[in-house]
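Here is a short note on the aromatic rings. Please read it with the model open.

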Amino acid sequence: MLTIDIESARRFILGKQGLWPGRHWRGLKGTEQAMHAMEYLQLDPLQIIARSHDIALHSRVLDYKPEIWERVTYEQRKFFDWGGWLAARPMEELPYWRVVMRRERDGGYGDSRIHRMAREHADAIAEMRTILRERGTVSNRDFEMATRTRTQSYRGRKDSALALYYLWRTGEVMTHHREGFERVYDLTERVAPAKFIYESSDEETDRFLVKKEVSFSGLGLIKRTSDSYHGRGEPDRAAKKMLGAMLADGEIVEVKVDGWKVVHYALGSDVKVLRDLNAGRVPKAWTPLETTTTEEVAFLAPLDHVSARGRAKVLFGFDYVWEVYKPAHQRKFGYYTLPILWGDRLVARFDSKLDRTTNAFIILGLWLEDKVLGKDEAFAEALARGLVRFVAFLGASKIDAKAIAEPLLRRQAGKVIR
């Protein structure tokens, strides 16, 4: 068993996700590399200042612009989106995910609502299948409510919406492209490269899913939770049958982190990196192309895996909850609060909005974990550099920083213009 300290664990998880010691990817090609390294790019439609997945890529990729991930995914066909836990996944993984799609279609396990859709909306599914074959690309907006059967489903109010969703979840269709973030569907054989349209074996798939989850977490636990397994089906099937064999084969290894009670798992291929970090060495591949996160802070997306769903508390001692779905009177910080990464620690958070009428980026509040940072010149400069890049990414022309309470930080932030 490999034993490492908490600082090495934190740096490993950040670095594996491309967040430390600084951005080491750039532009279109770099976005593809980042999406591979992230394992899953969780997609979310909500756009307040920018969508969560775009903020996640901005924090990892130099010169990133919000449309780049769609170019890589839907034009170059390097990735595909899928799942109840919606994420962009590498196209070469499709054979494994088609096994998961089949498992859900057959109703053996997974989301039971998918199997129920097939029974309750069989006619609409057959109709959509025919329309797709005859017409080509189809979106839910192509069908007027007046002509459809109304539903009360969590996935749509029209039977056409549920039928298209069912065909997408079970692999008959894929997302051809998106319009205003809404999926436009086409038959799988007209979207995915033919060489990927087949099913891997069940055993290969189970091994893949365990390794995928461990790699996504960096240091992971094999446990039965829908968040952890992203709606892929029955996790125990893979865990119970494969875990021992994978440990014996060295595909995964046990890692003890000082201060953590539970043993975690890492990929066998990551052992050298873990040992290097524990010895104070940074992998050459992680060398930043420009500034480090000590020289320029990074703002983490609300759904960034290193900080979402309670992980920030474990890794950083930073209690972060995305409050966007909380009633206003229950919010402690703000509607769209983002954590601030400085070096290898989460040290602050801020809430903001983008006023598209005045093209102004408005900071609604900034909260420090340690008040001493309010007078720290190095942090103030790193924060200002991060804001310069963030404002440019958003396309804003000015910044309103009056809500920042600390004079030094407010003064530095107020200097930021595009």
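1. Phe 299 is buried, at a relative accessible area of 2%. Phe 350 is buried too, with 2% relative accessibility. Buried means under 20% relative accessible area, exposed over 50%, partly exposed in between (1.4 Å probe, protein chains only).

2. This is a predicted model: local features need pLDDT of at least 70, side-chain atom pairs pLDDT 80 or more, while totals for chains, interfaces and linings use all residues. Numbering starts from 1 along each chain as its sequence is written, and side-chain values use heavy atoms, without hydrogens and water.

3. The whole structure holds 21 aromatic pairs. Phe 299 and Phe 350 form one that is edge-to-face, 4.8 Å centre to centre with 65° between the planes. Rings of Phe, Tyr and Trp (its six-membered ring) pair if their centres lie within 6.5 Å; planes under 30 degrees apart are stacked, over 60 edge-to-face, the rest tilted.

4. The Phe 299 and Phe 350 pair links distant parts of the chain, 51 residues apart. Phe 299 is in strand β14 (residues 298-299), Phe 350 in strand β16 (residues 345-355). Strands (E, at least two residues) and helices (H or I, at least four) are DSSP runs, numbered from the N terminus.

5. Trp 322 and Tyr 336 have ring centres 5.9 Å apart and planes at 70°, so this pair is edge-to-face. Both residues lie in the loop between α13 (311-316) and β15 (338-342), so the pair ties together parts 14 residues apart in sequence. Trp 322 and Tyr 336 are buried.

6. Ring pairs join Tyr 40, Trp 82, Trp 85, Tyr 96, Trp 97, Phe 208 and Phe 216 into a cluster.
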